[in-house]
Each structure stands twice: as C-alpha cells, then as structure tokens.
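Subject: Structure handover

Hello,

Here is the structure you will be working with. Please open it alongside this email and follow the notes below.

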Amino acid sequence: MARCTAPVRGHSSASAAANCPACRGRYSRYSSGGDYRSYSPSSYSSSLTSGGGRSSGGGSVRSSKPRWSGAGSSILYTLEEVRALTPVRNSVENLANQPDLRDVFLCHAWDDRKGAAKELHDLLESHGVSVWFSEKDVGLGVPLLRAIDKGLANSRVGIVLVTPALLRRLPAEGIADKELSALLAGDRLVPIVHETTYEALREVSPLLGSRSGLNTAEEPMADVAAKIAELVAL
C-alpha cells in the first residue's frame, strides 16, 4: 500500500504532491479540472468590483448621478445613496411652493456646536444653502424648545450630525432626542455619520440607524455638504 511522503518530503509544491505515490492520483484528478476550481486573487477582486457595487476595499463605488444633479455636476453617488436620498428629494420638491422655508434644519449635539456642526454649517452656507443652526438662530432669552419647533416647522429637510457626542446624549432624551422624534416622522431626514459608525448608532437608536444617509468615513465633509446642497437645490 502506497504511503504518503508528506511527513518526510512535504507537499509544499504541486510537483511534490505529484511525486508522492499516495497523493499523485488525487492531485491529477484535481489538476485536470474535474472537481476543483481555483480562485486567483485577481478574479476574486474583480467579482467585488464588477456589478456588485462594492470595491475590493469594502467601500461603495461612486458611479451614479441622481435625477436632481445638474448637467454640469461632477458629484457622484453610490446606488445606496441615491436610494436613500430620493424620498428626501421628493419631499423637497413637494415643498417647492413654500418659498419662505429654510433649506436645512441642522440637528446636532450641544458638544459639537463649535466643532463638527459649525464646520458642516459653514460648508453648507458656502454652497448657498440656508441652514437653521441653533448657534445663530436662537437669541438670548428666547425659549430654546420653542425656537427649535419653529425651526423644524420652517425647514424643508432635517440633517442629523451623528457623532460620538450625539450618541452619548440621545439616551438622556434631551433636546436632540425631541428634534429627532419630529424629524423621523417623515421622509425629510438625512443622517450624516461622523467619527462613528452606523453600527454604533443602531445600538443607541435603532429607528434612526435604520435610515441610510451619508458618512464622512467614506468621503470628506466638504463632499457631504456638496451632496446636501444638490439635494435641496430647486
């Protein structure tokens, strides 16, 4: 009975397996193509990037332009982003006959008011987007909740800047939680995840985490702001 030579010679190569009196039969069967398929790294990578909408690095491929993009726009979207933003765009168009509305209501954690929220606000305004932002729209002595109610009622779209600070605040059911409750009632909400993940968001707020949006881990804040500007442009 033929004995395998692997313990002595090893089968570190195809030729070694072919020369083994016990294994050469199996090797010849596999190498003939009857029962064995080989997958090269290149073929595996191409299967991720062709047709599946995902790159080999795990990020989504940006190759789509939604119907609301201008003819000269160079901004590209993933298919997932187009699907998520289309209902919001429909709401924007339905409110087009109300010219006095702000374009965007910015919901954010108090701790982000001078950091990420201010950066996003400034980027949006640089694109001509009118933004309701508590740092500038709530004056001294004005009841905060009442001001927020008016801001929500008078804005076409709500964007929620999801940061570690917001995730810490939401369980306390403070003002940010009340804003979210109002925004979640319709198709006018875009979550923007910044320095955290959708997985972490779903642990704190499954309802908000079920909404797809934009993510600064996949593209810079400036690109996110440009997409919001296109979304609300009329």
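Start with helix α10, residues 175-183. Ala176, Glu179, Leu180 and Leu183 are buried there (buried means under 20% relative accessible area, exposed over 50%, partly exposed in between, with a 1.4 Å probe and protein chains only). Why do they fall on the same side of α10? They cover an arc of only 100° around the axis, so they share one side of α10. That arc is taken from the directions from the helix axis to the C-beta atoms. In general, an α-helix has 3.6 residues a turn, so residues three or four places apart point the same way.

A word on the source: this is a predicted model, where local features need pLDDT of at least 70 and side-chain atom pairs count only at pLDDT 80 or more, while totals for chains, interfaces and linings use all residues. Residues are numbered from 1 along each chain as its sequence is written, and side-chain values use heavy atoms, with hydrogens and water left out.

Now the whole chain. It has 13 helices and five strands (DSSP runs numbered from the N terminus: helices are H or I with at least four residues, strands are E with at least two). Of its 234 residues, 39% count as buried. Contact means heavy atoms within 4.5 Å. Among contacts with a separation of 6 or more, 60% come from residues 24 or more positions apart.

Next, Val232. It lies in helix α13, residues 221-232. Val232 is buried, with a relative accessible area of 3%. Which residues does Val232 contact, leaving aside its neighbours within four places in sequence? They are Arg89, Val92, Asp103, Val104, Val129 and Val157. Arg102 is 130 residues from Val232 along the chain, yet their C-alpha atoms are separated by 9.8 Å.

Glu195 is another residue to look at. It sits in the loop between β4 (189-193) and α11. Is Glu195 buried or exposed? At 65% relative accessibility, Glu195 counts as exposed. Its phi is near 60°, a positive value in a residue other than glycine.

Best wishes
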